[in-house]
Amino acid sequence: MRRIKRSALAMGVCLAALQLTSITPAMAQEVAVERSMADAPYWDSSLPVAQRVEDLLARMTLDEKVAQIITIWDSKGEIQGQGDDFDPAKAARRFPDGIGQIARPSDRLGPSSPRQVPRRNIEDSIQYVVDAQKWAMEETRLGIPILFHEESLHGFAAKDATAFPQSIGLASTWNPDLIREINDLIAGEVRARGVHLVLSPVVDVARDARWGRIEETFGEDPYLVGEMGVASVEGLTGVGTDRKLRDGQVMATLKHMTGHGQPESGTNVGPAQISERTLREMFFPPFEQVVTRTAIDAVMASYNEIDGIPSHSNSWLLNDVLRGEWGYQGAVVSDYYAIEDMARLHKIVPDYKAAGELALTAGVDVDLPEGDGFENLAASVREGKVSMEQLDTAVRRFLTMKFNAGLFDNPWPDLALAKQSNGAEGVALARKAAAQSLVLLKNDGVLPLALPDAGGTKPTIAVIGPNADVARLGGYYGEPRASVTPLEGIRALVGDRANIVHSLGVEITKGDDDWWDDEVELGDPAENRRRIAEAVEVAKNADTILLFIGDTEKTSREGWAPGHLGDRTSLDLVGEQNELFQAMKALGKPVVAVLVNGRPPSYPAVAEQADAILETWYAGEQQGTAIADVLFGRVNPGGKMPVTTARNVGQLPNFYNYKPSARRGYLFDEVTPLYPFGYGLSYTSFEIGAPVLSAKSIAAGEGVTVRVPVTNTGDMAGDEVVQVYLRDEISSVTRPVKELVGFQRITLQPGETRQIDIAIEPRAFMMWNRDMERVVEPGDFTLMVGPNSEDLTEVTLTVRP
């Protein structure tokens, strides 16, 4: 039996060591505080977690229990002293019963822009965590440590952390192994700073491009989203279903359950008018896959309502489905301020107190980020509005998270390791991720650009546009030690072998394009037209024009409040960007449109008239280097679109896995998309042969393997993503015209042929029948193989009873 004793002296020694190097696990075992609870079973790390939890829970007062399931973010200033350091005396006065969770220790004052209130550096962030843990474990009655959480959607959202492509860009890699590797690195950077929980990944299936949060998702397909979600969680927590957190890993939070990705009118938090069948077919699968295949320990409920019931009050969603059907054992956490929204926004209860009672009863265990929804739960228990048993259930789940995270045994950061974050390994992985995320949408032969040998005639390349000399990172961004703009990347690669000229062209939005800003004001049209004239003068003698256009972090983003909007009614370029494009095109030079954005690029004029189009999304800190590598052929683009690109907003919602009666046609317009799901070109060519099945028929409940030969028929090494789709030919309820059921990204050398085997799991043949039972209906299924969702070769499979 090992009991971890805690003494103030030992803690002081460790703190002194922290200031020089860091607290190591060996040192942490000596840390302790003398108290009456020192020999209580819950401190015994050799005991099962469940036993430790029950022992601690039995010792807690009602107020101590409630304190554990609320969080601090807005009120950070009330527990901080000069320099925004953690103040134990203030914490003891404000939170005498302890603190369950603190949000984002990397920031200083809660909800504020890091450009206005700079984030803590690594040393200050770690010292804050240590000081808070020291207070919690020394000076509160039971010594319960604090759980800290941070954002890590596409990199740790903190100072001096690695910034990867935004999620929609990561989805464009179609490479779960890469996603797993990226999230493993993110976990290491977060954990080194003493943080054990992150609020990612997002596995919302996104089916409306007006929605500003589409950039945070892995796209529109439940299978792709599920595979990317599983890989993300495996990277963060480790592979497997053991909920005991391993060294260097963090707990993940699955977001947002559910229907969030198709809000009414495309507006964030809007009602999700979605039937149970569509929920089960399209929106539930990614959540179910993560819950059943990983060690996920937190699920976040969604802001929206489904059929009149906000998710934070939806017991069917959180208890019957999540915990009942899928067997989820972890905690359900609220989205930020969403419990209060049931009174403030949804109007289903009169006040926050009633909202907290409703959320707890429905299965929400933890209130984020401040606790206004749960702060009255002690009174609610005393009044009999909720039972002690209900409260205990929530506290039990949250304490289980803390024990599984190892907080009672070793909660300490590692300063030496934290200082290595965003080092050479992170930079290299960010560059690799950016390169794999880029999607070539059009190319008439102008790409890749050629450079002369030394002494040859230098071409002039005009790098034009509002996104040319800025490294846009997208929402929930971190602050890497350095980032590379496209212009910087191009100049570094080209050197003196070409003349690079540059002009802004237009200003998309006024100000510094800060994602946090409430106000969004487009650039002045008259001033932009003056800038366009300047750009014409700069580009008129160029041999090639590289035009960087798209969005800023302010023109498409999370609209989290009426005063902070981010959704749009139009999908086309904003401001005078189309005028800039036409002015460049009128020069008669080849125009390569390089798109920097977070939503599908529905730019019809650009799609029709540009000589080449490269979709880059928000490609992270190394975007400039990766974009230059692709433009000049150092890297062959191999990304594929994770969303269907509508021609215009009138086609929405527009997704590839539609039902047979949909897409009949429109008067005066196309029904086909601008770019189909799964689409992406290459500098080489591939031939995907006829698929062969491992069996022509299978029994219900079995899977099948699709084998297909793939040949690189061009003269450049490149990546292809082989995609497998399925269609149920006859079914008792309508089924989609096709559904993605497998994929694999491969690299082939020129002339190389490889046989690819893609296993199709038994779940691919399952459906929800008229009685809402998940079954396999025997009959014929068509399997389709190709490089995207439209160019497919078919083979028939029979499923026997």
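Visitor: Which residues in α8 meet which residues in α9?

Guide: In this predicted model, Pro176, Ile179, Arg180, Asn183, Asp184, Ile186 and Ala187 in α8 meet Glu227, Met228, Ala231, Ser232, Glu234, Gly235 and Leu236 in α9. The residues of this contact divide into seven nonpolar, three polar and four charged, while the axes of the two helices come within 7 Å and cross at roughly 35 degrees.

Visitor: Why is Glu227 called buried?

Guide: Buried means under 20% relative accessible area, and Glu227 has 14% relative accessibility, so Glu227 counts as buried.

Visitor: What makes the pair of Arg293 and Glu227 a salt bridge?

Guide: A salt bridge needs a side-chain nitrogen of Lys or Arg within 4 Å of a carboxyl oxygen of Asp or Glu, and the side chains of Arg293 and Glu227 meet at 2.9 Å, N to O, so the pair is a salt bridge. The pair links helix α10, which holds Arg293, with helix α9, which holds Glu227, and the two residues are 66 residues apart.

Visitor: Why is Arg293 called partly exposed?

Guide: Partly exposed lies between the limits of under 20% for buried and over 50% for exposed, and Arg293 has a relative accessible area of 29%, so Arg293 is partly exposed.

Visitor: Why does the salt bridge of Arg115 with Asp512 tie together parts that are apart in sequence?

Guide: The closest N and O atoms of Arg115 and Asp512 are 3.7 Å apart. Arg115 lies in the loop between β2 and α6, and Asp512 in the loop between β12 and α19, so the pair ties together parts that are 397 residues apart in sequence.

Terms used
Residues are numbered from 1 along each chain as its sequence is written. This is a predicted model: local features need pLDDT of at least 70, side-chain atom pairs count only at pLDDT 80 or more; totals for chains, interfaces and linings use all residues. Side-chain values use heavy atoms; hydrogens and water are left out. Axes are lines fitted to C-alpha atoms, for helices over the stretch in contact, and angles run from 0 to 180 degrees between N-to-C directions. Helices (H or I, at least four residues) and strands (E, at least two) are DSSP runs, numbered from the N terminus. Contact means heavy atoms within 4.5 Å. Ala, Val, Leu, Ile, Met, Phe, Trp, Tyr, Cys and Pro count as nonpolar, Asp, Glu, Lys and Arg as charged, and the others, Gly among them, as polar. Buried means under 20% relative accessible area, exposed over 50%, partly exposed in between (1.4 Å probe, protein chains only).
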